[in-house]
Amino acid sequence: MNIWLVLILGGLITFGMRFSLIYLLGEGRFEVPETMSKALHYVPPAVLSAIIFPELFYRADALDISLGNTRLMAGIIAILVAWFSKNTLVTILVGMVALLILQLL
Amino acid sequence: MSEARKMFLEGVRAEIPLLIGVFPFGMIYGALALDAGLSTSAAQLMSSIVFAGSAQFVTTQLVSENAPGFVIVLTIAVVNLRHMLYSASLAPYLKNLSLRWKALLSYLLTDEAYAPSIIKYEKDGLQPFSHWFLFGAGFALWFNWQICTALGIFLGAAIPEEWPLDFALPLTFIAMVVPVLKNRPMVAAALSAGVVALLAYNLPFKLGLILAALTGILVGTILEGKKSSGGTL
């Protein structure tokens, strides 16, 4: 298959999946069941944690639960800062500075 | 118009830390795409035609292995399955828009545009111009992605590895998700999804991410159901 055809089909499929439920659930064709609309509120915490955890716990494709895992330590500090400050910018800055300092130690 | 502009700029602002985190990935993608044998124009245009980081990385990998075209297309589909979750989750907040807006926002719907937007929508609810927030976040990411792809193509992956710019991504997601964890079902959803993501890390095509997300959603929903049947809500 020609690479351009691959890219166009890949792009169409990606767009189709992104558009799918915005279209189907948004046109009022059918009522969204209550359980489902309840369930949808858990998409953000579930997806974001599913992205965050491996970023912190996996180093070079291996699970690393030790004090030597600088990203895990900096991540835990950031979680604590986020919990108490509820401030995005402060959380990111403290987390980044923590990682840089831990990397130097 | 000024209300729309304000929302747009708010979306751009919320996206800025994610732009920093994504930048090195875009450059690495650009450099890898050329190494894999893609032409400069195919490498660059993949960033606007497909516009999905992980799928683009997998595609360059498969191209370098001379995988058949249909395998690449199918792989892109599986890697991007998680976008259907985002689509469902945003649908209630976009339902009053014209088809053209829905299509535009769908094209711009990435992990990094979804995260700040859904956090804002769940907090503030549906507002007259709130779609401009997603547009601002999505457009900023799109623009940034085209630039860092181009820099990767022409300069190579020029950011030194010891600069942990990419760590801005999980940090921003942490800053967004932690304030949402206000009750037990939310915390349980986040923790169960995180643990399953670790256990299922080795599944290919980001399937671990989907499995983890579905687990978290299920756990949260079940716990919420129990709570409200107890009469407390």
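**Figure 1. Asp61(A) lies in the loop between strand E1 (58-59) and strand E2 (62-63) of chain A.** In this predicted model, Asp61(A) has a positive phi of about 65° although the residue is not a glycine. Asp61(A) counts as exposed because 8 other C-beta atoms lie within 10 Å, and the limit for an exposed residue is 12 or fewer.

**Figure 2. Lys206(B) sits in the loop between helix H10 (184-199) and helix H11 (207-229) of chain B.** The phi of Lys206(B) is near 65°, a positive value in a residue other than glycine. With 18 other C-beta atoms within 10 Å, Lys206(B) is partly exposed. Leaving out residues up to four places away in sequence, Lys206(B) touches Ser54(B), Val79(B) and Arg82(B). Val78(B) is 128 residues away from Lys206(B) in sequence, yet the two C-alpha atoms are 7.9 Å apart in space.

**Figure 3. Chain A meets chain B through 58 residues of chain A and 72 residues of chain B.** On the chain A side, helix H1 (3-26), helix H2 (34-40), helix H3 (43-57), helix H4 (70-85) and helix H5 (88-104) each supply at least two residues. H1(A) provides the largest share of that side, 20 residues. The side of chain A that touches chain B is made up of 40 nonpolar, 13 polar and five charged residues.

**Figure 4. H1(A) packs against helix H5 (residues 82-94) of chain B at an angle of about 35°.** The axes of H1(A) and H5(B) are 7 Å apart, and their crossing is right-handed. From H1(A), the contact includes Thr14(A), Met17(A), Arg18(A), Phe19(A) and Leu25(A). Among the residues that H5(B) brings to the contact are His83(B), Met84(B), Ser87(B), Leu90(B) and Leu94(B). The residues of this contact divide into 10 nonpolar, five polar and one charged.

**Figure 5. Phe173(B) is placed in helix H9 (residues 168-177) of chain B.** Phe173(B) is buried because 26 other C-beta atoms lie within 10 Å, where 20 or more are required. Not counting residues up to four places away in sequence, Phe173(B) touches Leu48(A), Ile51(A) and Ile52(A) in chain A, and Ala115(B) in chain B. Leu155(B) is 18 residues from Phe173(B) along the chain, and their C-alpha atoms are separated by 29 Å.

**Figure 6. The largest nonpolar core has 109 residues.** The residues with the most contacts inside this core are Ala46(A), Ala50(A), Phe173(B), Ile174(B), Ala193(B) and Ala213(B). Helix H1 (residues 2-35) of chain B gives the most to the core, with 14 residues. Ile174(B), leaving aside its neighbours within four places in sequence, is in contact with Ile52(A), Gly75(A), Ala78(A), Ile79(A), Ala82(A) and Thr91(A). Ile52(A) is also touched by Phe173(B).

**Figure 7. Chain A and chain B are viewed by the confidence of the prediction, with a mean pLDDT of 93 for chain A and 93 for chain B.** In chain A, 100% of the residues score at least 70; in chain B, 97% do. Within chain A, confidence is lowest in H2(A), at a mean of 90, and highest in H4(A), at 97. The model scores ipTM 0.92 and pTM 0.90.

Key: Residues numbered from 1 in each chain as written. Chains lettered and ligands numbered in written order. Predicted model: local features only at pLDDT ≥ 70, side-chain atom pairs only at ≥ 80, totals over all residues. Helix = DSSP H or I, 4+ residues; strand = E, 2+ residues; numbered from the N terminus. Contact = placed C-beta atoms within 7 Å. Nonpolar A, V, L, I, M, F, W, Y, C, P; charged D, E, K, R; others polar. Axes fitted to C-alpha atoms, helices over the stretch in contact; angles between N-to-C directions. Left-handed = near helix turned anticlockwise from the far one by under 90°. pLDDT = per-residue confidence, 0-100. Core = buried A, V, L, I, M, F, W, Y, C linked by C-beta atoms within 7 Å.
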